[in-house]
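Okay, thanks for coming, everyone. Let me put a structure up on the screen and we'll walk through a few parts of it together.

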Amino acid sequence: MGPGTDVWPQCASLDNRYPRECMPAMMEEEDPEDLDNVNQEKSTKPPRNGPPPVRHSISEALLVDTSNLRLNQSAPQSPQDKSSPFSPAFRSGSCSEIGPKPYMEDEFICIDDLQEHLNAKSVRSLAGAFYGVFDGHGGVDAASFTKRNILEFIVEDSNFPNGVKKAVKNAFVKADHALADADTSSLDNSSGTTALTVLILGKNMIIANAGDSRAVLGKRGRAIELSIDHKPSCTSEKNRIEKLGGVIYDGYLDGQLSVARALGDWHMKGPKGSDGPLSAEPELKEVTLTEDDEFLIIACDGLWDVMSSQYAVTIVRKELMVHNDPGKCSKELVSEALKRNSCDNLTVVVVCFSSEPPPKIEIPRSYKRRTISVEGLDVLKGVLHHV
């Protein structure tokens with residue numbers, strides 16, 4: 001996995017993940033309405049013979065009766081207001097495409113009804129859902145293994161469900177260690193993957209991220225980033241890496257990997273349990289959903305390399321108002337990323353929190369009277385007199 005290996009034409013170092021600058025967790029200043037203002041600094045999209053294979057799906061699980069639910073058009077409630085009568089109804093759609101790369105290394109998971117999926121007593125008291133995207137590199141083994149096992153590792157942890165955040169962190173470490181112990185004849189433990197998971201229990205949503213996939217909340221048309229892209233060039237990651245003896249060459253960790261956190265990649269890590277520059281520990285974000293939270297976008301970096309968070313939220317909201325189909329929204333984001341010459345696999349999941357489409361946002365009219373001072377009126381008269 002050294003730099004420059006397995007290079008796809010016109011897209012350098014794709015197997016080691018296409019580098020881009022670290023983006024802070026804040027709304028980007030892109031005009032979401034200017035659909036023609038497209039960043040074309042990426043290299044020309046490699047030619048492909050015929051349309052690439054696409055896999056997309058949509059699923060729905062209404063966990064509560066929302067027939068009598070009324071949309072509150074008043075001022076937004078605080079995210080910590082747990083007394084809100086709002087009850088989320090989970091619907092999701094996904095789209096995953098190989099893009100210009102020779103191999104598909106992305107994986108994803110969508111579970112709209114956690115109770116039905118697990119059939120377990122531990123979650124029967126709460127409606128819940130689970131979603132994740134896993135961006136593999138050096139092969140698909142690590143991504144596929146993590147997709148199959150991460151939820152099981154969470155719910156089987158002794159801290160679940162009373163200590164959910166601790167259970168999620170432990171699950172990431174357990175998955176990482178399991179990759180190290182895997183039989184190399186059936187699983188390549190030198191492969192690696194980023195991991196971004198979203199566990200929702202009731203109105204409580206926990207986002208766990210290790211890598212550069214991203215979770216973005218659509219809140220009345222505004223993009224709220226719920227994860228940080230773990231790039232080696234990020235200040236916090238750079239400081240952590242250098243403190244632990246790692247080096248960064250041209251944006252790559254140890255000259256090999258363009259992410260600072262990942263599961264697997266055991267050829268780059270030290271003994272299990274040691275703190276190394278390449279970390280599998282996720283960063284967690286906890287959010288209490290309110291009726292202002294309309295949908296969530298989680299996607300691998302193939303999307304975010306060519307599109308801002310706000311632009312993606314604007315596209316999804318407009319599409320939902322037309323057809324209210326999260327699957328079509330995911331496909332639209334993938335199509336837009338390909339138009340912008342994304343050089344990576346593309347995987348997008350859109351999760352809606354209501355069975356209804358987003359409402360139209362009304363901007364109140366201003367009834368303030370405009371006045372002009374006597375001095376200003378004299379100046380205006382003088383100007384008009386000389387016209």
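Predicted model: local features only at pLDDT ≥ 70, side-chain atom pairs only at ≥ 80, totals over all residues.

Residues are numbered from 1 along each chain as its sequence is written, and side-chain values use heavy atoms, with hydrogens and water left out.

Let's start with strand S4, residues 128-137. Helices (H or I, at least four residues) and strands (E, at least two) are DSSP runs, by the way, numbered from the N terminus. How many of the ten residues of S4 are buried? Ten of the ten, so the strand is largely enclosed by the rest of the structure. Buried here means under 20% relative accessible area, with exposed being over 50% and partly exposed in between, using a 1.4 Å probe and protein chains only.

In a regular strand, side chains alternate between the two faces of the sheet. On one side of S4 you've got Gly128, Phe130, Gly132, Phe134 and Gly136, on the other Ala129, Tyr131, Val133, Asp135 and His137, and both faces are covered.

So what does S4 pair with? Pairing takes at least two DSSP bridges between two strands. Strand S3, residues 106-111, runs antiparallel to S4 with six bridges, and there Ile109 has Gly132 as its bridge partner. Strand S6, residues 195-201, is also antiparallel to S4, over six bridges, with Tyr131 partnered by Val198. The ring centres of Phe90 and Phe353 are 6.5 Å apart with planes at 85°, so the pair is edge-to-face. Rings of Phe, Tyr and Trp (its six-membered ring) pair if their centres lie within 6.5 Å; planes under 30 degrees apart count as stacked, over 60 as edge-to-face and the rest as tilted. Phe90 and Phe353 are both buried.

Last stop, the helices. The axes of H6, residues 309-323, and H7, residues 326-339, come within 9 Å and cross at roughly 140°. Axes are lines fitted to C-alpha atoms, for helices over the stretch in contact, with angles from 0 to 180 degrees between N-to-C directions. H6 and H7 are therefore oblique to each other. Under 35 degrees counts as roughly parallel, over 145 as roughly antiparallel, 65 to 115 as roughly perpendicular, and the rest as oblique.
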